[in-house]
Amino acid sequence: MSARFERNQRAGADVPTSSMADIAFLLLIFFMVTTIFKLEDGLPVTLPKAAAAEQIAREKVAYIWVDRAGRLSINDNIVELKTVGGIMLGKLGANPALIVAFKADQQASYERMADIMEELKKVNATKVSFSADFEPRP
Amino acid sequence: MRIKKKSRVDTTIQGSSMSDVAFLLLIFFLVTTIFNMEKGLSLVLPNSESAPKPIAKENILEIKIDAAGIVTLDGEQVAIPSIRDRVTKRILENDKTICVIETSPRSYYKYMVDVLDEIKLADARKITLRTGKR
């Protein structure tokens with residue numbers, strides 16, 4: 001038996017690139033579709049700055065907007081202080097791990113904030129977060 | 001006179017650079033997408049049902065903010081950036097220290113956040129908010 005070794009034939013090293021464009025466009029369209037644009041606008045506020053600001057899971061958060069003049073907004077509606085407790089109680093029922101985030105203007109009066117926190121305490125919405133723009137400090 | 005039949009030009013689209021274009025767009029959108037993560041200073045308020053517990057006086061670190069935003073720490077006036085070191089020192093001395101932030105209702109919310117930020121930077125765990133006299 002005479003074994004004859006044939007010289008390995010080099011395979012043509014072609015990567016089929018014709019479908020690459022399809023893949024890229026698919027990804028592009030996927031990201032475009034899944035991007036959620038911010039719908040809620042709340043009130044125009046200038047957030048205070050903080051270095052210790054930590055990240056919070058967005059799905060747990062309910063926002064209360066407080067502007068400089070002390071106006072309150074929840075879910076894009078201007079609300080009265082007295083109704084805050086009721087609204088938060090409803091949200092708390094849907095999500096017991098709810099965190100109430102204050103999107104409050106840095107020049108809002110502390111009295112207003114204290115009043116809102118009192119309302120929250122009444123309905124046991126005790127987890128709060130003071131939204132702030134992250135600004136590192138030396 | 002003989003009219004020559006027009007020769008058809010080969011109508012293939014150059015597909016090889018299409019993927020380059022697509023990826024360029026993809027990367028552009030990836031880079032320009034800003035993830036607006038929610039950032040804030042978290043705090044747990046006291047429950048309305050729980051009766052206020054008496055706290056030993058030596059465990060309390062009282063930080064007062066007056067209407068003009070002047071901060072006093074245990075009766076001594078301090079600058080806001082120096083609060084962090086003071087609180088760190090106190091916690092090292094006594095790990096049961098509870099930071100009480102008493103803010104004047106006529107003060108701006110900003111001052112409370114500034115002080116809270118400093119205390120958070122000092123890694124204090126027990127923080128309470130209190131409202132000053134109206």
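This is a predicted model: local features need pLDDT of at least 70, side-chain atom pairs count only at pLDDT 80 or more; totals for chains, interfaces and linings use all residues.
## Surface and make-up of chain B

Of its 134 residues, 34% count as buried.

Chain B contains three helices and six strands. Read from the N terminus, its elements follow the order α-β-β-β-β-α-β-α-β. Among the contacts in chain B with a separation of 6 or more, 71% are made by residues 24 or more positions apart.

Ile23(A), Leu27(A), Phe30(A), Phe31(A), Ile27(B), Leu30(B) and Val31(B) make a nonpolar surface patch of about 650 Å². Two helices each supply at least two residues of this patch: α1 (20-34) of chain A and α1 (18-32) of chain B. The largest share, four residues, comes from α1(A).

Ile23(A), one of the residues of the patch, is found in helix α1 of chain A. Its relative accessibility is 45%, so Ile23(A) counts as partly exposed; the limits for that class are 20% and 50%.

## Aromatic pairs

Over all chains, the structure holds six aromatic pairs. One of them joins Tyr63(A) and Trp65(A) in a tilted arrangement, with 6.3 Å centre to centre and 45 degrees between the planes.

Phe102(A) and Phe130(A) form a stacked pair, at 5.5 Å centre to centre and with 15 degrees between the planes. Phe102(A) lies in strand β6 (residues 99-104) of chain A and Phe130(A) in strand β7 (residues 127-131) of chain A, so the pair ties together parts that are 28 residues apart in sequence. Phe102(A) and Phe130(A) are both buried. Ring pairs also bring in a residue of chain B, linking Phe102(A), Phe130(A) and Tyr109(B) into a cluster.

## Ser129(A) in strand β7

Ser129(A) is likewise found in strand β7 of chain A. Is this residue buried or exposed? Ser129(A) has a relative accessible area of 0%, and therefore counts as buried.

Which residues is Ser129(A) in contact with, leaving aside its neighbours within four places in sequence? In chain A, they are Ile56(A), Ile99(A), Val100(A), Ala101(A) and Phe102(A). In chain B, they are Gly40(B), Leu41(B) and Ser42(B). Phe102(A), named among these contacts, is also the stacking partner of Phe130(A).

## Helix α3 of chain A

Helix α3 (residues 110-122) of chain A has 13 residues. From its first C-alpha to its last, the helix reaches 18 Å, close to the 18 Å expected at 1.5 Å a residue. Just after α3(A), Asn124(A) takes a positive phi of about 60 degrees.

The buried residues of α3(A) are Tyr110(A), Met113(A), Ala114(A), Ile116(A), Met117(A), Glu119(A), Leu120(A) and Lys121(A). An α-helix has 3.6 residues a turn, so residues three or four places apart point the same way.

Key: Residues are numbered from 1 along each chain as its sequence is written. Chains are lettered from A and ligands numbered from 1 in the order in which they are written. Side-chain values use heavy atoms; hydrogens and water are left out. Rings of Phe, Tyr and Trp (its six-membered ring) pair if their centres lie within 6.5 Å; planes under 30 degrees apart count as stacked, over 60 as edge-to-face and the rest as tilted. Buried means under 20% relative accessible area, exposed over 50%, partly exposed in between (1.4 Å probe, protein chains only). The expected span of a helix is 1.5 Å times one less than its number of residues. Contact means heavy atoms within 4.5 Å. Patches are made of residues with over 30% relative accessible area and no salt bridge: like charges are joined within 9 Å, nonpolar side chains (Val, Leu, Ile, Met, Phe, Trp, Tyr) within 5 Å. Accessible areas come from the Shrake-Rupley method with a 1.4 Å probe; for residues, only the protein chains shown count as cover. A salt bridge is a side-chain nitrogen of Lys or Arg within 4 Å of a carboxyl oxygen of Asp or Glu.
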